[in-house]
Each structure stands twice: as structure tokens, then as C-alpha cells.
Amino acid sequence: MKRLFLFISFFQLITFSFAQEIKQVKALRVMQVPKIDGVLDDEAWKEGISATDFIQRALKPGEPALRKTEVKIVYDDVAMYVGAMMYDNQPDSILRELCQRDNEANSDLFGLILDTYNDDINGYGFFVTSAGVQIDARYSSNGQDFNWNAVWQSQIKINEKGWAVEFKIPYSALRFPIVDEQKWGVNFIRKVRKTRCVDFWNEVKPEVNGMINQSGDLLGISNIKSPVRLSVTPYISSYIENYPFNKPGQSNNSYSLNGGMDIKYGINESFTMDMTLVPDFGQVQSDNKVLNLSPFEVLYNENRQFFTEGTELFNKGGLFYSRRIGGTPINYNLQLKEGETIKSNPASTQLINATKVSGRTKNNLGIGIFNATTADTYAVITDSNGVESKVLTQPLTNYNVFVLDQALKNNSYISLINTNVTRDGGIYDANVTATAFKFTNKKNKYGINGNGALSQLYYSGFSKPDLGYSYNASVGKISGSFLYNADVAVKSDKFDPNDLAILYINNTVETSLNLSYNIYTPVWKLNEYSIDGGIGYSRLYKPDMFWNLTIYGNGYANFTKSYLSTGGGFNFSPLTTLDHWEPRIAGHYYVYPKNYSLSYWISSDYRKRFAIDGNISYRYFDENNRYNVSFGVAPRYRVNNKLSFIYNFHRDYLNDNIGFVNFNETTQFINFGRRNVFTTTNQLNATYIFTNKMSLTLRCRHYWSQAEYKQYYTLNNNGLLIDDALYAGNSNVNFNAFNIDLVYTWQFSRGSEMSFVWKNAIYTSGDVIIKQFSNDIEQTINSPQTNSFSIKVLYYLDYSMLQRKKSNK
């Protein structure tokens, strides 16, 4: 440990300066606020000094911007207002493709980034494209979160000099300290799509770690107060669902009418409470179901807005996987007695309510509290006499997350995180306590980051909990063209945070050394390029034994004239790996062969009407004729600024793949199988944008995967396989998932929305392998399918808006 601290101190002594000029802009208080119409002719814009002289971040970092940009900020007691003029001597050629909110598409962009606590870590982003599409984001040490949505106004206008934009950002959308004179970090960004230039007002150097910490200063805002931040968004929704049960006494159709609301309340100037009561997530995008032959669960994206918006604090330490809430019941896999059948067994639990409170004090201490409750979940079982009974598969459960995050100088922080899952009744409870940190030197060139966690599982009838722990640390050079870091990560054999997190593997000790070299300025025929590589060595935590050795490398380049991006990589495991997870039974392992892999990808210029992405990879195993081949192609076509299509085709082929099949409890034998696994995915996305507030999207996905077994084995105690001619099972599987999501969305008022959704879902699985794609798709389409039609209306009610209307009467 002493050597580690000496090592870090040496890094700090040899730093060089990334110091740069910090620009300042002053906001003016006005009595008459500008009209938000995209026309910069208001009296408010005639005074004050503009923020100008932007500097390129790309294509030629550090050089003056090729096009002039002027920005002014004014404010009153209600909001701040931004007016910007983006000069362009060819305004007719400004790209302005319409798209859904929080997407840039093929358009120019202007944006404002605010660091209201001036801590160089946390911030807000407000952006508008040249098509008028709003984008907003929160910035934190976890990166950027574009799921956050605020209610604010903007308007753009193309004119003879280029294009102009006006913002109105109410103080209710921001959090800031209570002081007479505000001093905020600020930066402005402009993207010119036709030239791929990215300009910032205060220079953002690509070789410097971080972006918020490279902001300028916003001065002049004084005597403002955080308003009463109270908004209510009630909703009403109606569903019609059809599934062909075709059983006597059971209808093929079901109907529901739902209602609930989201509440957002500003507890004070810094903290906000968000609450959802009786939420309805029936309209979220369908999950990408897959055939999972691995020992690990499938990680699904979170598509529920409440769990994606404003959760940056709760994601500290990587201990919050929100899909646990309302997920599969803990006792979903039922053990049936002879003659019993399952009549119903819900695959998810019902969320009753969820609340999150978060904010940051004037001393830059972030505090977050999250709490959610799910209801009892029951399966219905029918015995041999036709008598029905209810079986509790998940009791009433409470989920809680508590976070303290102290922002420090030099873009550093330290955090404390606690997660807790408490279940009613005799099932176990779980608790995880952790800390996370990042410390960088004054010049932001060297840094160390890491975390440590303690997991506790409390079982009924046991006086002591099961304890497990983990810790990791990474130290290295974080700014400059040449970067490096050394990592170590330890997870004990009993570390288990999975009641509210997702961790695939524990019981490991992993170390690695990683190097990268990046060029951000044009060289030869390249705009930029990078190469990276490293080596990783891993052991089992208990018992202490070898697990894996990996050597890897990657490269990336973007070409100057064509803007073609391309890259590739290799991965080399020169030693046999001891896989302790594929056997599924503790104390056993499978000797995984040496293997080598190569990959390559390419992406053409998205500014053109037609563009295409492609990728291919090959992996060879030092064992018989075992190999993996994967390739994909994704063409996209933009018909006009409103209509676009993206098609994605991907195919994987695993020849002579080896994997777990079965555990025989009688003989205690672990059976493996040699199989060919063939997977094809076809997905079509179509989007028609009527206006920047109204859209129609179609997503159609067909996933087909089959595993055909050729030979069966028994796993020996030495990790090797021996032929098992006696195994009589048929483990072949032919799996299909077919989904259609058709969504019409209309934002009919600020923060208010109406949506109509049609969802079609077909899932089939059997042990008969279908060779022809046409036969498989025909069988899939003719299988029983679920059709769901729903309409949902949300109406946004804001206290300050109602008060202003009342005072104007």
C-alpha cells in the first residue's frame, strides 16, 4: 500500500499544465423579457456584450471557429433567456432533419451548458437543433444523461444571415445555491453538420479529461430565488389486449382503464422530490428477448421514464439496476406436485409507488434518496381435481437507495451509497453499503478512482448475515494524447449485490494494464485516430487459482474527405481458461480452450441520404473445428427531413460450441453438449416526424435463434469432457421473438402528451430445428400472438404557470 501512495505522489510531481484562459460573460437583468420566437429584434438583445470568438473542438482543435456565433444572456425574476445567432453564408444549405426529442439527427445544433454549483462536475445541458428539436441533459461524474427532461421554451428561425435561436429556461428547471450573487460555470456549443465542425465558446480540449471542468464563467445574475417548484402530471390510459386462449369460459380479449399521476415538488432551492403513484408502463418499448444459453441473466435496457430520468446520483457505484423493481418474482419458478398445472403466473411484479428525492447543497454535497414498493404477487395453480389455489411468488417488497456525493476540487468526488431490499414475511432481505471516489491532481492529468462495497444477506432464522465484499481501484494518466492506467478489482466469493444491482461474476481477483494513444487533429488523410491495448490477468478469489489471461488491442480512424469511420481489434487468450460458471454447480469448472479473435467495423457518412454501417468478427478456438463468425449490416435511408428508415441485419454462427446442458441430481453428473448455434436478427425502424412535437415511429424486430446438439458429454472433476453415450435427452431449441411497436406521440402543450401505441408480440420455443428461414417465419407468424392497443394522455400542471395566469387576470 505504501508503494501505491508513493507511485501516485510521483505522478503528481511530474504534471504539466493544461491551464487555459477562462472566458467570462455577463448576464443582464431586464424588465421587458424577449418574446421566444427565434427573431432577435427584442429590446432585451440590444444591450450587453455578446459571447463570441468560438474555438474549434473538431475538426481542428484549438483553432478559431470557421463561422461566427454570437450569444447573449438576459434574465428576470422568473427565468434566464438566451439569444444566439449562428452566422452561415449559405443558409439554404443548413441541414435540419426533424427527429424525436433528445436526438440530433442530421442537423446543426446550438446549446448551453450550465454548472450552477461551479463544481466542475455536475451540470445541465439545453440544446436545440436547426430543425427546432429540443435536447436536454444532466451531467455528473457518471457521464451525461439525456433521459432527463425539463420543461422549457425554445424557438429557431432560419434567416438570410444563418439561423437564430431563443431559449427561455425557467428557474424551476434548475437548482442553484441561495446567494446574492450567482457565479455559474457556462459554455456554449455549436455544431455545423455539413462540415462536421464542433465549436465551443470556452475552449474544450479533447486531450483534457472532462468537459464541465472546461467551462467559462457566467456572471451578473443576482437576487434570484428558486420558485415554488410544484408540478403534477396526471394520466389516464386505456388498454385493449387480445390473445387467442380459445378456452371455454376464458375470453380472448381483456380491457383496462388506468389512472395515476407523477408529482414533482421542490422541497427547497436545491432539492426536488419526484413521485409516481400507480404508474403505468404498458406503453414502453418491447424488450429484445433472446435465447440465453449462458449461466448469466440477460441485461435489459430500462425504458421506463421514471427510472431513467434524473437518476445520476443513484447510479453511483454501479449498485442500482432499476429493472429489479417490478421485475420477475423471486419464486417465479414453481415446483409443482403431480397433477398440478399453472393457470397464471405473472412474470413481473406490480409497482405501487416510487419516490426519489435528490439535490445538492451550496457546499456541493449531493444527497439522493430513492424508495419504491411493489405489491404481493401470486400465481394460481390448479390441482388434479380442478381446485385452484394461490401461491405467493413475491411478497410486498420495499426497495431503497441512499446516496451522499461530495464534489471536491480538481474534478474529484467521494460518495457513500447504501441500497436495501426488505421483503415481507420469511424470505431474505438484502443490504449493500459502498463508497466510490475519484481524485485527480490539480492539473487534471493524473487520477485515481475506485470503490468498495459490503453486501449483507439476512435470512430468516439465522442470527448472522452472509457477508461479502468487493473493491477496485484504477490509477493512471487521464489527460493528454498518451493515456494509461493500472487496475485491480477484487470480488469475494460471497459478494452478492444482485437484489438491486446486476453482477454477473463474483469470486474473482482481476488485474489489468491499459494503454491508449489518441490524435485529435487532422494528420495525412485522417481527421483523428486512436489505438489502445492492454493485458488482463485474473484469478479465482477462493480457492486461489488461475482463471484467465487476455491480451487485446483496438484501433479507430476517421477519414478527412469521406468522413468514413472504421476500426477493428484483436483479442488473444494464450492459455486455457478455467471457467467456473458454465458448469452451474459450485466447485466445478470447465477447461475453456485457447482462443483468438479479430473484429472489424465500418461506418459511412450519416450526412448523406444513404449511409451504411457494417461489422464482422471471427473467433477461433484451439479445439477441434470450433469457431465463431459474426457479421452485420445496417443501411439507413433518409427520404426527406421528415421520413427515414434504418434496417439492421445481424447473424451469428457458433460452430461446435460447447456448453452446459443438464445436471442430474440422481447421478450428480454435469452434462455438456457440442452444438451449432445459429442466430439471425432482422430489425426495421421507420420514423415520420410531422413536426418537432408530433411523431409516428415503427419498430419491427424478428429474432431467430437455434441450438442443434451434435454430441453430449459428462464433465470430469479435472474440467475436461468425456463422451456420454447414455444421455438420452433432446436439448435442441428453436426460439423466435417477433415484436412490432407502433407509436404515435403528440406533445399538445408544454409537458403534456398524448400517445397511441399498438404492440404485437409472438414468442415461440420448441425442440424441432427449422432449417429454412421462410418456413420459420411462416410458423412464427401463424403462432398465437398478443395484440395490445392503448391510448394514454398526460397533462402537465405547473404551480408557477397557474400563479402567473391568475395574476394576469
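Start with an open sheet of five strands, ordered S2-S4-S5-S11-S10 and mixed in its pairing. Strands here are DSSP E runs of at least two residues, helices are H or I runs of at least four, and both are numbered from the N terminus; two strands pair if DSSP finds at least two bridges between them. Select strand S2 (28-29) and strand S10 (153-159): these are the edges, and each has a single partner strand, so one side of each is left without a neighbour in the sheet. S2 runs parallel to S4, paired over two bridges. Show Arg29 and find Tyr75, its bridge partner in S4.

A note on the model: it is predicted, with local features needing pLDDT of at least 70 and side-chain atom pairs counted only at pLDDT 80 or more, while totals for chains, interfaces and linings use all residues. Residues are numbered from 1 along each chain as its sequence is written, and side-chain values use heavy atoms, leaving out hydrogens and water.

Next, select Met80, Phe110, Phe126, Phe167, Phe188 and Leu218. They have the most contacts inside the largest nonpolar core, which has 38 residues. Such a core is a set of buried Ala, Val, Leu, Ile, Met, Phe, Trp, Tyr and Cys residues joined through side-chain atoms within 4.5 Å. Buried means under 20% relative accessible area, exposed over 50%, and partly exposed in between (1.4 Å probe, protein chains only). Among the strands that each supply at least two residues of this core are S4 (69-75), S5 (79-87) and S11 (162-170).

Which residues does Phe110 touch? Beyond those up to four places away in sequence, its contacts (heavy atoms within 4.5 Å) include Val71, Val82, Phe126, Trp163, Phe167 and Phe188.

Now go to Asn571, in strand S32 (residues 565-573). Draw a distance from its C-alpha atom to that of Pro206, 365 residues away along the chain, for a separation of 27 Å.

Finally, zoom out. The protein has four helices and 45 strands. Its C-alpha atoms fill a box of roughly 90 × 65 × 60 Å along the principal axes. Buried residues are 48% of the 809.
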